[in-house]
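This report is meant for a reader who is meeting the structure for the first time. Please look over the sequence and the model before reading on.

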Amino acid sequence: MVKYLVKRIVLAIVTIWAVATLTFFLMNAVPGGPFLSEKAISPQATAALEAKYGLDKPLIQQYFTYIGDALHGDFGDSLKQRGRTVADIIGMKFPVSAKVGGISVLVALIIGSLLGCIAAINRGKVMDSIVSVVSTLGIAVPSFVLCTFLLFIFGVKLKWLPTMGLSTPAHYIMPVIALAFYPTAYIMRLMRSSMLDVLGQDYMRTAKAKGLSGKAQLFKHALRNAILPVVTYVGPMLAYTITGSFVVEKIFVIPGLGGEFIGAIQGRDYTLIMGTTIFLAVLIIVMNVIVDIVYKIIDPRINLK
């Protein structure tokens with residue numbers, strides 16, 4: 001286990017460096033700059049701002065300066081939000097995104113696993129067909145289309161739910177549905193196919209022959225083995241709910257990290273783009289390592305190499 005963790009840490013450092021390097025040079029390769037959108041700004045003022053933030057230096061020098069500062073935890077000041085550091089912005093906005101994403105992940109895991117099991121147990125019946133249709137629909141429909149549908153039906157026509165912000169529990173309903181719909185559908189399919197495979201194994205027939213109740217067969221033997229593919233998917237699912245929430249946050253006017261990231265791209269706020277990208281890369285890598293460890297706990301037969 002220790003050898004595996006050391007290997008994953010080394011790979012994580014290399015991956016984060018590659019992501020940061022690629023993002024830095026691609027970002028600077030796009031024509032334009034962070035101060036070109038400023039109103040009534042003279043060339044002298046633009047030059048002064050570029051000198052202040054070190055943007056007048058050669059690109060390779062900017063790169064090594066930024067990487068060196070980032071290694072010390074300094075992601076710099078925002079180029080557009082004067083007087084605010086990138087770390088402060090991420091620290092303030094990410095908890096909002098994490099709360100919405102966390103609720104969405106929990107909803108997807110519970111509903112997806114439950115409906116997948118039900119579909120497998122009722123294979124070929126009406127319930128199985130309904131779950132198959134819903135899962136296909138959930139995978140095919142993009143989140144922004146679902147957001148528009150929810151806004152139009154429940155926000156505009158029926159006026160049942162609020163459409164902007166997160167001031168009350170009711171404000172969470174539509175964003176959570178929009179974020180959880182795709183992973184729920186995917187988990188349904190994973191759980192159904194995995195459960196069908198497990199139910200046909202010899203140890204399940206042995207458990208049935210021993211006279212174990214249906215609940216004992218399902219929860220003690222079948223579910224523990226069938227859930228493994230879902231656990232594997234949790235890492236990518238967390239990445240989807242966090243990065244996918246960017247669009248959802250923008251549509252529902254949620255004051256999270258997604259709106260800040262999109263605003264940074266539109267305003268060419270280089271430091272905020274870099275800081276957010278590195279932060280999300282670290283988050284995704286850490287979650288994937290945790291998922292691998294949980295996988296080992298659930299099934300001790302697995303060797304982590």
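## Overall architecture

How many helices and how many strands does the protein chain have? The chain has 12 helices and 0 strands, where helices (H or I, at least four residues) and strands (E, at least two) are DSSP runs numbered from the N terminus. Read from the N terminus on, the elements run α-α-α-α-α-α-α-α-α-α-α-α.

This is a predicted model, in which local features need pLDDT of at least 70 and side-chain atom pairs count only at pLDDT 80 or more, while totals for chains, interfaces and linings use all residues. Residues are numbered from 1 along each chain as its sequence is written, and side-chain values use heavy atoms, with hydrogens and water left out.

## Burial, surface and contacts

Of the 305 residues in the protein chain, 39% are buried; buried means under 20% relative accessible area, exposed means over 50%, and partly exposed lies in between, with a 1.4 Å probe and protein chains only. The accessible surface of the chain comes to about 16,600 Å², and 70% of it belongs to carbon and sulfur atoms; such areas come from the Shrake-Rupley method with a 1.4 Å probe, and for residues only the protein chains shown count as cover.

Among contacts between residues at least 6 apart in sequence, 75% join residues at least 24 apart, a contact being heavy atoms within 4.5 Å. A separate example of distance in sequence and space is given by L179 and A108, which are 71 residues apart in sequence and 8.9 Å apart in space, C-alpha to C-alpha. L179 is in helix α7 and is buried, at 0% relative accessibility.

In soluble globular proteins, nonpolar side chains tend to be buried together. A nonpolar core is here a set of buried Ala, Val, Leu, Ile, Met, Phe, Trp, Tyr and Cys residues joined through side-chain atoms within 4.5 Å. The largest such core has 25 residues, and those with the most contacts inside it are F24, M27, Y66 and M274. At least two residues of this core are supplied by each of α1, α3 (59–71), α4 (86–121), α10 (228–251), α11 (257–267) and α12 (270–298), and the largest share, 7 residues, comes from α12.

Which residues does Y66 touch, leaving aside its neighbours within four places in sequence? Y66 is in contact with F24, F75, T271, M274, G275 and I278.

## Cysteines

The structure holds 0 disulfides, a disulfide being a pair of cysteine sulfur atoms within 2.5 Å. C117 counts as buried, at 9% relative accessibility, and C147 is also buried, with a relative accessible area of 0%.

V2, V6, V10, V14 and W17 form a nonpolar patch on the surface, with about 490 Å² of accessible area together. Patches are made of residues with over 30% relative accessible area and no salt bridge, with like charges joined within 9 Å and nonpolar side chains (Val, Leu, Ile, Met, Phe, Trp, Tyr) within 5 Å; a salt bridge is a side-chain nitrogen of Lys or Arg within 4 Å of a carboxyl oxygen of Asp or Glu.

R268, in the loop between α11 and α12, has a positive phi of about 55° and is not a glycine; at 23% relative accessibility, R268 counts as partly exposed.
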